Amino acid sequence: MALSREQIAMRVAQELQDGYYVNLGIGIPTLVANYVPEGMEVMLQSENGLLGMGQFPTEEDIDADLINAGKQTVTHVTGASIFDSAESFAMIRGGHVDLTVLGAFEVDVNGNIASYMIPGKLIKGMGGAMDLVAGADNIIVTMTHASKHGESKLLSNCTLPLTGKGCIKKVLTDLAFIEIKDGKFHLLERAPGVSVEEIAKLTEGELVIPDNVPEMSF
C-alpha cells in the first residue's frame, strides 16, 4: 500500500539527528516538523527567515504573522530566531544546513533534480530550491513514485528543466526509499505491502535490487 503524505514525513523524520539544522521545503517536507523524534533537538529552518520552526499550530496557537515559506502558519520552539530572507539565504549558501528535505517533479540516476517548472505552465519563479540543492550535501527528495497517469518520476534522465545537477543522493517516495550512487537507483526499503516488482515496474531508471528489501517501519 502506498504511503500517505504523513507517513512519508514520518519516515523522513527518522533520518534526523540530534543537533541538526534542517531546511524543510514546501509540500510534504513541511509535515516533517510534526514528527521530530521525542527528546531530539533539531532546529528547523524556513527560507523566509525563521530558525527554530515548530509543529503546525492548533487553532488556539495560530499566529497569522508566523508563517513558513509556503505561507502556512507555524509555531516556533524555545530559542527560535527571526530574521530577513537575505540572512536566511546566507545560511543556506554558506553550507550551514545539515539536511534539506525537498519535493520534486523528477529525479534521475545521476542525482539531477527537476523541481520548479513544467514548460507551458505558469510559474512564480525558482524559489529557494536552486540555493538549497547547491548549498547542502545531505538532501532527501520526497515525492510520489509515479504521476497520476502512471508515468515514472525516477528516470534515466530528467526531461524537465533542472533545478540542480548531481546533487541528490536519497529519494523517499510513496513506494520506496532509494539511494542514488554510481549512476543507478539502489532500493533500500519498500513501503509496507508494496512488492519489489511494483517498485521496479514504476522505476524508469536503472534500479539495483538487493536480495532482501525490508519494509519501512514507523
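## Core, sheet and charged pairs

The largest nonpolar core has 55 residues, and Val107 and Ile168 are those with the most contacts inside it. A nonpolar core here is a set of buried Ala, Val, Leu, Ile, Met, Phe, Trp, Tyr and Cys residues joined through side-chain atoms within 4.5 Å. Buried means under 20% relative accessible area, exposed means over 50%, and partly exposed lies in between (1.4 Å probe, protein chains only). The model is predicted: local features need pLDDT of at least 70 and side-chain atom pairs count only at pLDDT 80 or more, while totals for chains, interfaces and linings use all residues. Residues are numbered from 1 along each chain as its sequence is written, and side-chain values use heavy atoms, with hydrogens and water left out.

Leaving aside residues up to four places away in sequence, Val107 touches Asn112, Ile113, Val141, Met143, Lys153, Leu154, Leu155, Cys158, Ile168, Val171, Ile180 and Phe185. Contact means heavy atoms within 4.5 Å.

Next comes the sheet. Strands E7, E6 and E9 form an open sheet in the order E7-E6-E9, with mixed pairing. Its edge strands are E7 (113-114) and E9 (154-155), each of which pairs on one side only. Strand E6 (residues 106-108) runs antiparallel to E7 and is joined to it by two bridges. In this pairing, Glu106 stands opposite Ala114 of E7. Two strands pair if DSSP finds at least two bridges between them. Helices (H or I, at least four residues) and strands (E, at least two) are DSSP runs, numbered from the N terminus.

The cysteines follow. A search of the whole structure finds zero disulfides, a disulfide being a pair of cysteine sulfur atoms within 2.5 Å. For Cys158, the nearest cysteine sulfur is that of Cys167, 9.4 Å away. Cys158 counts as buried at 16% relative accessibility, and Cys167 is buried with a relative accessible area of 10%.

A salt bridge is a side-chain nitrogen of Lys or Arg within 4 Å of a carboxyl oxygen of Asp or Glu. The table lists some of them.

| Pair | N to O distance |
|---|---|
| Lys170 and Glu15 | 3.7 Å |
| Arg93 and Asp131 | 2.6 Å |
| Glu215 and Arg190 | 3.4 Å |

Lys170 forms a salt bridge with Glu15. Lys170 lies in strand E10 (residues 170-173) and Glu15 in the loop between helix H1 (5-13) and strand E1 (21-24), so the pair ties together parts that are 155 residues apart in sequence. Lys170 is partly exposed at 24% relative accessible area, and Glu15 is partly exposed at 21%. Both residues belong to a network of salt bridges that links Arg11, Glu15, Lys170 and Glu189.

A further salt bridge joins the side chains of Arg93 and Asp131. This pair links distant parts of the chain, 38 residues apart: Arg93 is in helix H2 (residues 85-93) and Asp131 in helix H3 (residues 129-135). Arg93 is exposed, with a relative accessible area of 56%, whereas Asp131 counts as buried at 18% relative accessibility.

The side chains of Glu215 and Arg190 also meet in a salt bridge. Glu215 lies in the segment after strand E13 (207-208) and Arg190 in strand E12 (residues 184-190), so parts 25 residues apart in sequence are tied together. Glu215 is partly exposed, with a relative accessible area of 40%.
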